[in-house]
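Subject: A structure to look through

Dear colleague,

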Amino acid sequence: MVDVTKLEALERQMLVERLNKHIEHDNLQLLQKLRERIDRVNVKLPTVEVRYKILVVEAECEVVEGKPLPTLWNSFTSMLSIFTKSVQCKPQEAKISILKDVSGIIKPSRFTLLLGPPGCGKTTFLLALAGKLNQSLKVTGEVSYNGYKLDEFVPQKTSAYISQYDLHIPEMTVRETIDFSARCQGVGSREVSKREKEAGIIPDPDIDTYMKAISVKGQKRTLQTDYVLKILGLDICADIMVGDAMKRGISGGQKKRLTTGEMIVGPTNTLFMDEISTGLDSSTTFQIVTCLQQLAHITEATVVVALLQPAPETFDLFDDLILMAEGKIVYHGPRSHVLQFFEHCGFKCPERKGAADFLQEVISKKDQEQYWCRSDPYRYVSVDELSEMFKASPLGKKLDEELSVPYDKSQSHKDAISFSKYSLSKWELAKVCTARELLLVKRNSFVYVFKSTQLVFVAVITMTVFLRTRMAVDLEHSNYYLGSLFYTLIRLMTNGVAELFLTISTLPVFYKQKEGYLYPVWAYSIPTSILKTPYALVESILWTAITYYTIGYSPEAKRFFCQFLLLFALHQGSTSLCRFLASAFPSLVTASTIGSLVLLGMYLFGGFIISRPSLPPWLSWAFWFSPITYGEIGISTNEFLAPRWQKVYAGNTTLGKRILEIHGLNFPSYFYWISLAALFGFALLFNIGFVLALAYFKSPGPSRTIISKKKLSQLQGSEVCHGSSCPNNDSTISAPSKPIAETKKTEKMVLQFQPLTVAFKDVQYFVDTPPEMREKGITEKKLQLLHDITGSLRPGVLTALMGVSGAGKKQLSWTFFLEEKLQALLKEK
C-alpha cells in the first residue's frame, strides 16, 4: 500500500519515468491504460461541444490623417476627442469588423487546427470562444458550451485559453510555476477508484498510484506536475528560475512550453491554444502536438490549436481544420477534405507542396494565381467568394443542419460545465497564495536586505550630522531637532518605494491568473500586504535604535517606543500607498511619475516646508490630506511635549509649546494617538484602494486602435465592393510604369559600411550553477552552455542559426555581441 500524499520528489520522478520513459510511445500507452480503466467501470467522461453562431466582433478605432502611428499629434488629438464628445462634436471614429458572421461547431475528441495568416482574427476568435474578449469590443451572435450560453456559467473555468504571450514570475522556478497553477485549478474526480472498489477490481499498481496521486487535493507538489514537465520536455529545466530580461533563466522556447503547461496541468478538458509553437523547433512542436492529439482522442477533450505555419507531419496530426482569412471562415471541416474542397474551387495543391503552406497562400491575392488548375482564364477569387462556396458545399450545408438542431442540455455531464468561479475553498486559496508570496519574499530578500543596509548607512550619516553634543535644549537648536525629525519621516516614507517596482513587476501575471479565475483579488492582495509587515518593523526599529539617542531626543523609554511605533505606522502607509499607485497606474513610467508628484505634494503640505499658518485659506485642506502631516504632528508632539522642553519661555507658555506654535504644530499631547490612528487608517485605506483597483481596473492592454483614412476607405470598399460584383475584379489595377533607368536612378542607395568577416574558435560559455541544481547534488560551480564552438560568418552570405529549444542559440548570439562591444572599447582606448 502506497501513501500517495507522502510521495517524495525522487519517488514522483521515478514513477513518471516508469510510466512515460519514451514520450513518443509510452504517453499513448499510459493514456490508453487510463481509458481502459475508466471504461471498465462504465464511467462517462465529461465532454464539451462548443458552438458559435453568427458571431460578429467589432472594434471602435480612431481615424487619423497620414500613417496610423501613435505619434505626439495623434495622441494629442485622441485626448481632445474626450472634449469633442462632451460638446457633442462628432469625433473621427469608425467601426471595423474583426470577425464577420462566423458559425460552426467544435466537437469533443476531435483535434482541431485553426489556420490563417497574421491579422485574420485568430486570437479574437479564440478569446471569443473562451469568453475572455475585451469589454470594449462589440460582440453579437452566440457562443454556447453544451447548449449553455456564456452568461449561464463560468466559461473561464470551463475552458482554458493559452495565450501567445509568455507571462510568468521570473523569481519562481518552472516546477513552482506549474505546481502553483495545479494547486489553484484543483484536481479531477476519484469516481473511478470508488467504482473499482465496489466492483472488486484490482487495477494496475502504477496506474492506480498515478490516478490517486493526481486526484489528491491540497498537495504542494503534485505528480501531475512531473507528468506535464515530462511530456513538454521541461524536466531538464524544472528547477531553474524562469528569469526575465534582467535575470538569467530558461530559454524563449522553454517559456512558451511553460505557458502551455501552466494551463493543461489542471482538470480542464476544453483548451484554446494560441500560437503555442512560436520559438519552438519543428521536432519539439511535433512532440507537443502529438501529446495533445492523444489527449483529445483518448480523454475526449475539446482542443483547438492555432498555428501559423505547421510542418506537414504536424499538420497531419489534426482531425478538423478551421481556415480563417479577413475575419471570415473559409473552411471548417475534416482536414482530409480541405484539398478536395479547394480543388472544387479551382485550385490544386502541387504534389510536393505542404498542405498548410498551400492553404496560407491560396487565400492570398498575390500567391493565388500559381495554383489555378482550370482551363479558363484565371481570375482572383476573393475570401468572400471562397466563404460562400464553402457554405454552399455539402460540408457547409451539413454544418448548418447541425447548428439548426439545438444541443440537448440533458446529455451534458454534470462536471463538464463549471458554475463556480474558483476550484478551492477560501481557506485553501489563502494558503496557496500566502505560500507563493512568502516564497517571493524569500527570493527578493536581496532587495529588502539592500534597502535595510542602505537605511542603516543613511542613519549613521544622519546621526553624525545631527549629533547630540552639538545641540542644546533651546529655541535656536529646536529647528535642528525639527529638521532631523522631518528628515526621519522622509527617509521612512521613501524607503517603501521599492514596493512600487516589485508590485508592478508581478501585475501582468496577476491579471492573467485573475482573468483565468485561479484566485480572487483578496487572496493575492491580503498576503502581499501582511507579509511585508516584518520588513517595515525591522526598518523602523533599525532607524530608531541608531538615531534616537545619538541625535539626543528625549531620553524617556516611553518616547523612544512612541517614535518607533509612529515610524512603523508611517512605513506601513508608505508601502500601502506604493502598492495602490502600482495597481492604479500599472505602467512603470506612469506610476513613477505620479508617485513622485504625490510624494512632492505630501512633503510640501506636511507642515514643515510650508507651515500650516503660511498656507492660504483655500489650500488649508491639503494639510490634513497628507500622511506626512500626521507623522509630523505625532513625532513633534512626542518630542517637544517631553519634560525637558517644559521650561517656562515667556509668560505661561513653555519652551516646547512655543516651538510648536511657531511651526503651526501646537496640538495637545493626545494628538499623538490621533496621528498614530490616522497613519494606520491611511495604511488601511490605501490597502483597500489596492484591492479595489485590482478588482475593478482593467488590465493594461494595447492602446486604442488607430487607422488611417486611406486604409479605412480600402476596408470599407472591400466590404461594399467584393466578389464578382466589384468592377475591375478580374484584372489588376496598374499605374503607368516609369522607365527602368529612372527607376534604378531613384531607387539607388549606397550603404556606408565596411564588410566584415566574423570568425570564432573554441568558444565556451559558462554561467553560475543555479542553487536549485546544487541542492539536487550537482557539485560543479559553473554550468557550461557552449562547448568548443568554431565557425565563421562571411559578408554576402545569409546564415541561419538553428537548433532545438535550449540549445544555446541566444548565448552564441550574445557572445558575438559582447565580443563586438569589447573590440569597440579597446579601439577607443
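A residue is called buried when its relative accessible area is under 20%, exposed when that area is over 50%, and partly exposed in between (1.4 Å probe, protein chains only). Helices (H or I, at least four residues) and strands (E, at least two) are DSSP runs, numbered from the N terminus.

Please keep in mind that this is a predicted model, in which local features need pLDDT of at least 70 and side-chain atom pairs count only at pLDDT 80 or more, while totals for chains, interfaces and linings use all residues. Residues are numbered from 1 along each chain as its sequence is written, and side-chain values use heavy atoms, with hydrogens and water left out.

With those terms in hand, helix α4 (residues 122-130) is mostly covered, since 8 of its 9 residues are buried. The buried ones are Lys122, Thr124, Phe125, Leu126, Leu127, Ala128, Leu129 and Ala130, and the helix is followed by Gly131, which has a positive phi near 75°.

Ile54, with a phi of about 50°, has its place in strand β1 (residues 50-64) and counts as partly exposed because its relative accessibility is 48%. Glu300, with a phi near 60°, is found in the loop between α11 (282-299) and β8 (302-307), and its relative accessible area of 24% makes it partly exposed.

Val767, in strand β14 (residues 758-768), has 6% relative accessibility and therefore counts as buried. Leaving aside residues up to four places away in sequence, Val767 touches Arg248, Lys781, Lys782, Leu783 and Leu785, where contact means heavy atoms within 4.5 Å. The C-alpha atoms of Val767 and Gln784 are separated by 6.5 Å, although these residues are 17 apart along the chain.

Leu684, by contrast, lies in helix α28 (residues 671-696) and counts as exposed because its relative accessibility is 54%.

Finally, a word on confidence: pLDDT is the predictor's confidence in each residue, from 0 to 100. The protein chain averages a pLDDT of 80, and 79% of the residues score at least 70. Over residues 722-747, however, pLDDT stays under 50, and for this stretch the model has 13 contacts beyond four places in sequence. Where pLDDT is low, the predicted coordinates should not be read in detail.

With best wishes
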